[in-house]
Amino acid sequence: MAISIDINDEMDLNLVLEVSIEEAGYGGGTPCISDICFQVRKGELLGIIGPNGAGKSTTIKAILGLLKHVKAKVSIGGSSGTYAYIPEQPIFYEDLTLWEHLDLAAAAYEIAYEDFVEHAEELLTGFGMSQSRDLLPAGFSKGMKQKMMLMIGFLAKPDIYIVDEPFIGLDPRATKDFLRLLEEERERGAGVLMSTHVLDTAEKICDTFIMISDGKMVAQGTLEDIRITAGQPDEASLFECFDRLM
Amino acid sequence: MEGGMKVKPRGDYQFRGAGDLFWRRLKEYIRSQASVFRSISDWTVWLYLIIPGVLLSARLYYELWVEGLPSFSEALPAGIFPSLMLLIIYRAGIILFVQEGDVLFIRMAKRFMSGIMLRGAIYSMTMIGIMITLGFVVLLPFLVQRLDMSTVEAISYLLLSITMGWTVAWTRHLVSVNYIGWRRTLLLIPTLGLPCFLYTQVSLLWMDEPQWLLVVSLLLVFTVILLIRIRLKMQGTFMNDVQEDNKLKIRFTSLILTQAVDKPRATRTKTWVFRSSPYLYRSRSADRRLAGAAVKALFRNPQHRLLYLQFTGVCLLAMIWPPVIIKCILLLATYILFTYWHYRYWISFLNDDWISLLPWPEEIVSQARVFAIRTMLIPFSVIMSIAFSISWLDLGWGWVLLIPLLMITLYGLTSYILVFVTLSNHK
C-alpha cells in the first residue's frame with residue numbers, strides 16, 4: 001500500500017488540491033473507503049457530506065497521510081504548497097498556553113514575527129479569546145478548544161484548508177467569525193475542503209460537494225449536479241438530496 | 001446481557017427493584033476487583049509468594065500468642081496502637097453504587113435510587129467493619145499482652161474503632177460530594193482531623209474503662225445514623241456521587257498500577273510557572289521559540305518538575321561529602337544522566353500529537369535541541385557547580401571556581417554529551 005503526497009508545481013494553476021484515493025483503511029483487509037477522486041480549486045469550498053460512518057473523516061485522514069493502508073495520490077498545488085488541518089477533536093499540548101501554541105505554529109510556518117503578532121492579536125480578538133491568551137487549553141471548553149484549532153489554522157494562511165466537522169461545539173458568534181474568516185481566505189485564493197454534518201450551513205457556503213456513503217462517492221458537483229444525481233427538482237434542498245441518496 | 005445472570009421468566013422484569021440492580025452492580029464490582037487481583041497473581045505468584053506469605057504470617061502470628069511478644073514491643077509507647085488503628089480507619093470510604101447512566105431514568109425513580117444507596121451504605125459499612133476487625137486482630141496480641149487488655153475491653157475498643165471508621169467514612173463522603181477543589185481539602189482537614197484526634201484521646205484515656213468506650217461508640221452510632229439521614233435527603237450531588245464512587249472503585253486498581261501507568265493529570269487552566277507566556281530568549285527565531293516552548297513545558301509539568309527537584313536534591317547531597325576525585329566522577333555521571341533524561345524529554349516533546357503536526361525543518365529542530373537542553377540544565381548546573389566548588393574549596397575560593405565550572409559543564413560537557421547521545425540514537 002502506498003500514498004504519495006506531492007507538492008506539485010506542474011498542477012493546473014487553478015487547482016490547490018487533487019485527490020485520487022483508490023482505497024484506504026485502518027488495516028485488517030476490507031478498505032473503509034475506495035474510488036474517491038476530486039479536486040479543489042483556488043477559492044473553492046468543497047464540502048464532504050455523508051451519514052455517520054460513511055468515511056468522511058477517513059477520507060481526510062487518507063489525504064493527510066495518517067492511515068497506514070492507503071493507495072492514493074494526493075497533490076497539493078498553490079503558491080506555497082502548504083495546507084492547514086483543523087481536526088474534529090482538538091489536539092493541543094497540555095503545558096503550553098494559548099499564545100504559545102499560536103507562537104509555535106507561527107514559528108513552524110516561518111511567519112515573520114511582526115506579522116504573526118498582529119495577525120494573532122486580531123484572531124484572539126475576533127474569536128473573543130483575548131482573556132484566555134495566557135491560559136492552558138486543557139481547561140478550555142470544547143468550543144474554546146475548537147476556536148484555538150481554527151486560530152492556528154488561520155494563522156498559517158495556507159493554500160488549502162482541510163477542516164473536519166468545524167461547527168461542532170462552536171457558539172453562533174464563533175460560527176459567524178469562522179465563516180467570515182473562511183470567506184476572507186477564499187478571497188485570498190485559498191481552497192477549503194470541509195467535512196460536515198450541518199447540511200443547511202453547507203448548502204449556503206459550499207460551492208461544490210462530494211457525497212460519501214459506505215465508503216464510496218455517490219454524488220459529486222454543485223448543488224445543481226447533486227439534485228440531478230438525486231433526481232430532485234430545482235428547488236430541492238441539500239437535505240432532501242441527502243435523504244434521497246443515502 | 002451480562003454473563004452469569006439468570007434469565008428471568010418471560011413476563012417479569014429483569015430488575016424488579018433496587019435490590020436486583022444493586023446485586024448486579026455489586027457482582028460487577030467484585031468481578032472487576034477480582035480480575036485486577038488476577039492480573040497480578042498467576043499461579044507462580046500464588047505458589048512462591050502468596051501461599052508461603054500467608055503461611056509464614058500465620059506462623060508468626062501464632063508465635064506472638066504462644067511464645068510472647070518480641071522484646072522491642074516493651075519499648076513501644078501506648079499511643080502507637082491507636083495510631084496504627086487510625087491508619088486503617090483513615091482508609092475507610094463509602095461506595096453508594098450510583099452510576100453515570102442513572103441520570104437517564106433511574107434517578108427519577110426515588111425508590112430505586114435511595115434503595116441502591118442504602119444497600120451501598122450497608123455494604124460499605126460492613127466492609128469497613130471487616131477491614132477494621134482484621135487490623136484489630138493483627139494488633140490484638142500486643143493489646144492483650146502489652147496493655148493487659150481484657151476480653152470486654154478488647155470488644156469495646158473494637159466497637160469504638162468500627163464506629164469511628166464509619167464516622168470518618170461518612171464525614172469524608174459528605175464533604176467530598178458537597179465541595180470541590182481547595183475548599184474540599186481545607187474542610188477535610190478538620191472534619192477528619194477532629195474525629196481522629198478524639199479517637200486517639202478516648203483510646204488513651206479510657207482503654208481500660210470499657211463502659212466509656214461503649215458510651216462513645218453509641219454516640220458515634222447516633223452520629224452515623226444522622227449522617228446517613230442527611231445523605232439520603234441530600235439533593236444536587238449526583239455527579240459528585242458518581243465521581244466519588246468511581247474514585248473509590250478504582251482505588252485498588254490504581255494501587256496495583258501505580259508503578260506501571262502515569263496518574264492522569266488534573267486539568268489546569270492557569271499556570272504558576274511562566275505565567276504570562278514570556279519568551280525565554282531575546283531572539284524571536286523559530287529555533288529559539290521552539291526551544292523556549294520545550295523548556296516552559298518541562299517546568300510547567302508537575303511530574304517533571306518534581307522529578308527535577310528530587311534528582312537535583314539527591315545529587316546535591318551526594319556531591320557534598322565525598323573526596324574530590326569521587327566528586328568529579330559523580331559530576332560527570334549525573335550530567336550524563338540528566339542530559340540523557342532531557343534528551344528523551346525533548347524527543348517526546350517533538351513527538352507530541354500537536355507539535356508533530358507542525359512542519360518543522362530539520363535544521364531548526366537540531367538548533368533548538370541544543371538551546372532547549374542547555375536551558376533545561378541551567379538550574380541543575382548552577383546548584384551542582386555551587387555544591388562542587390564550595391564543598392571542595394570552601395566559601396572563599398569556591399566562588400572563584402564557580403563561573404569556570406559552570407561554563408565548562410554547561411557549554412563543554414553538555415554539548416559533548418549531546419553529540420554522543422544524538423549520534424548513538426541515530427545509529
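The following questions and answers examine a predicted model of a complex and the terms used to describe it.

Residues are numbered from 1 along each chain as its sequence is written, while chains are lettered from A and ligands numbered from 1 in the order in which they are written. In this predicted model, local features need pLDDT of at least 70, side-chain atom pairs count only at pLDDT 80 or more, and totals for chains, interfaces and linings use all residues.

Q: Why is A:Leu245 called partly exposed?
A: A residue is buried if 20 or more other C-beta atoms, placed from the backbone, lie within 10 Å of its own, exposed if 12 or fewer do, and partly exposed in between. A:Leu245 has 17 C-beta neighbours inside 10 Å, and therefore counts as partly exposed.

Q: Why is B:Arg25 called partly exposed?
A: B:Arg25 has 19 other C-beta atoms within 10 Å, whereas a buried residue needs 20 or more; B:Arg25 is therefore partly exposed. This residue is found in helix 1 (residues 18–40) of chain B.

Q: What makes residues 238–245 of chain A a helix?
A: Helices are DSSP runs of H or I with at least four residues, and strands are runs of E with at least two, numbered from the N terminus. Residues 238–245 form helix 8 of chain A, where A:Leu245 has its place.

Q: Which residues does A:Leu245 touch, leaving aside those up to four places away in sequence?
A: Two residues are in contact if their C-beta atoms, placed from the backbone, lie within 7 Å. On this basis, A:Leu245 touches A:Met211, A:Ser213, A:Val218, A:Ala219, A:Thr229 and A:Ala230.

Q: How many helices and strands does chain B have?
A: Chain B has 13 helices and zero strands. Of its 427 residues, 26% count as buried.

Q: What makes residues 1–5 of chain B a region to read with caution?
A: The predictor's confidence in each residue is its pLDDT, from 0 to 100. Over residues 1–5 of chain B, pLDDT stays under 50, and the model has zero contacts there beyond four places in sequence. Where pLDDT is low, the predicted coordinates should not be read in detail. Chain B as a whole averages a pLDDT of 85.

Q: How do you know that chain B touches chain A?
A: In the model, 25 residues of chain B are in contact with 22 residues of chain A. The side of chain B that touches chain A has 10 nonpolar, six polar and nine charged residues. Here Ala, Val, Leu, Ile, Met, Phe, Trp, Tyr, Cys and Pro count as nonpolar, Asp, Glu, Lys and Arg as charged, and the others, Gly among them, as polar.
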